[in-house]
Structures are given as structure tokens and as C-alpha cells.
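Okay, thanks everyone for coming.

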Amino acid sequence: MTRAELFSQIQQKSSFLCVGLDPDLEKIPSHLKAESDPIFSFCREIIEQTADFAVAYKPNIAFFEALGPKGWESLQKVQEIIPKDIFTIADAKRGDIGNTSKLYAKAFFETMDFDSITVAPYMGKDSVTPFLEFENKWVILLALTSNMGSLDFQVIEDKEGKPLFLSVLEKSQAWGSPENLMFVVGATRGELIGEVRKAVPEHFFLVPGVGAQGGSLSEVAKYGMNSTCGLLVNSSRGIIYASGEKDFAKAARKEAEKLQIEMKGLLDLYLG
Ligand SMILES: O=c1ccn([C@@H]2O[C@H](COP(=O)(O)O)[C@@H](O)[C@H]2O)c(=O)[nH]1
């Protein structure tokens, strides 16, 4: 999917919502456990009920691979039923020496057909560029993450006072372009989102951390929105576990709709 197509989806749906698919066998409603593939059934119902409001889905690979071969099978099935006009993100946080990254890229872009993958920048250029060699596919590079531990390394300043996350943004911009490179920026990072936006005015951000982690959607839009929205805001637990009962998918729909309504207001406010 191109950046223009993504923005067009955002405009059509008045939404920049990414629904996170983090299906945990211990949390899904118990009636689904009688199904042959409970994880797939859970995700399918969530997707069916939220697709009107979502411009992206982000399966977190950990929740699938933890289940072994069966989990990979569920993941492949989930990826295949996501409507083709909706952007897909494999939240896998990969990255290794070039030779190995190439195979990670093949796994998620060819064996499976995800539009994008999250990648850790720590191993540098040769660990990231193999993912960027695939046409119409995206790398979403970790820049300033939503967790407390992001303060351990990402904000450490160099001799000139520049924090590490800004060095990551500046350096990596040369590896790709706003057409194939996005950045992960946590919703919990408040005003720092504005610093990231200054460094990379054109690129899309994947923003996890609203909902269960308490990040503010209005702050994200205030500091992070650009003229083509430039934001995919993710909520996982806040949507998919809105209810643990038989009505879980309807409850997920309500939560997704609430976020979409708030997003429409923000798009109207900032983009007119
Ligand atoms: O900085 C990051 C990067 C990735 N994540 C992932 O996003 C979702 C968030 O889930 P919630 O339930 O909405 O908190 C989850 O898959 C994380 O692994 C992140 O939270 N922060």
C-alpha cells in the first residue's frame, strides 16, 4: 500500500485507528476455547466488527509464535482475512545481520503478505535495509517507544546534547523515504512526540500506548499530526478485551467506534 492510498483510507473512514491483535488464550472468552482454532476465531470476530473503523491491523507476533506451529498457522489465516484495503503491520520487532534480516523480510513480506513490519534500529543500516528492498512494503522503525524502559537508552544524550532517539531518526531517514519508512513513537511520550515530528515532518508514525497504557489521543494529534495525518494510533487491549464474555466482539466494536469518533474530531480540527 502506498502512502497516498493510506491517507485516502484515513480520509474515507475519518479514522487513523490501528486495532492491535494481541490474542491471549488466557484472556479470550471461554466459549471460544471449544473451537478448533480459538485464536483465529477470536481475531476473525474482532476484525469483522471493527473493520469499519480501522485503517490498520497490527497482530503482535509474540501472541501467535508463543503457540508454536499452530500459532503461526493462526497468524497466516488472520493475515489473509484482513480486508485488502486495510494496512497490515506485523509487530515482530526484528532486525539482525543483513543476511538474516533478508530472511525475516521474506517471511513476513513473501511467505506471509504483510504490508509492514516493526524493526529495531539497534544493529544499524545493514540490519534494516534488507526490509526496505521489497516494493510496496514498509519498515516501521522503533524510535521512541511507549514503555518505561524507553528512558533507559532512547533519551541518553550525546556530547552535543542530542538524545539517541533523534540520532536514530536523523540517520535512518537516509535509508528509506516517507514512502516506505515509518517510526514507532509511544503515545505516552507527550511533548517529545513534537520533537520527533520536527525531525521527520513527512513520515508516518505508528503510535501505541493509548487505552491500556494511558496515553492521550488528543496530545498525540496535537504534537504528531501532519498534513497527511501521519499517524496510525494503535489500541490493543482497550479494544479486544473490552468484554471477556460472549459479547466481546460487539464490545470491541463500541470501543473502536469511540476512538474513531474522537479521531474524526481531531482530523476536522487539524486538517479541516
Ligand atoms: O513502543 C511500543 C511498541 C510496541 N508496542 C506494542 O503495541 C501494543 C500495545 O498494546 P496495548 O494493549 O494497547 O497497550 C502491544 O502489542 C505492544 O507490544 C507498545 O505497546 N509500545
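Some housekeeping. What you see is a predicted model, where local features need pLDDT of at least 70 and side-chain atom pairs count only at pLDDT 80 or more, while totals for chains, interfaces and linings use all residues. Residues are numbered from 1 along each chain as its sequence is written.

UniProt, in an unreviewed entry, puts "domain: Orotidine 5'-phosphate decarboxylase" at residues 16-252; the positions are in the numbering used here, the feature names are shortened, and annotations may be inferred rather than shown by experiment. That stretch is 38% helix and 19% strand, with its end C-alpha atoms 16 Å apart. Helices (H or I, at least four residues) and strands (E, at least two) are DSSP runs, numbered from the N terminus.

Now helix 8, residues 164-172. Which of its residues are buried? Phe 165, Leu 166, Val 168, Leu 169 and Ser 172. Buried means 20 or more other C-beta atoms within 10 Å of the residue's own, exposed means 12 or fewer, and partly exposed is in between, with C-beta atoms placed from the backbone. The arc is that of the directions from the helix axis to the C-beta atoms. On the other side, Glu 170 and Lys 171 are exposed. The buried ones pack against helix 6 (125-132), strand 5 (138-144), strand 6 and helix 9 (192-199).

Helix 9 gets a similar look. Its buried residues are Ile 193, Val 196 and Arg 197, and they are on the same side of helix 9 because their arc is only 100 degrees. As a reminder, an α-helix has 3.6 residues a turn, so residues three or four places apart point the same way. The buried residues of helix 9 pack against strand 5, helix 8, strand 6 and helix 10 (217-224).

Why does Leu 181 count as buried? Because there are 23 other C-beta atoms within 10 Å. Beyond its neighbours within four places in sequence, its contacts (C-beta atoms, placed from the backbone, within 7 Å) include Leu 132, Trp 138, Ser 172 and His 203.

Two loop residues next. Most residues other than glycine have a negative phi. Ser 14, in the loop between helix 1 (3-13) and strand 1 (17-21), has a positive phi near 45 degrees. With 17 C-beta neighbours inside 10 Å, Ser 14 is partly exposed. Asn 136, in the loop between helix 6 and strand 5, has a positive phi of about 65 degrees. Asn 136 counts as exposed, with 11 C-beta neighbours inside 10 Å.

Finally, the ligand. How many residues surround it? There are 19, and the closest are Asn 60, Thr 145, Pro 208, Ser 236 and Arg 237. To count as near, a residue's C-beta atom, placed from the backbone, has to lie within 6 Å of the molecule. Strand 8 (231-235) and helix 11 (237-240) are the elements giving two or more residues to that shell. The shell divides into three nonpolar, 13 polar and three charged residues. Here Ala, Val, Leu, Ile, Met, Phe, Trp, Tyr, Cys and Pro count as nonpolar, Asp, Glu, Lys and Arg as charged, and the others, Gly among them, as polar.

Definitions and conventions:
Two residues are in contact if their C-beta atoms, placed from the backbone, lie within 7 Å.
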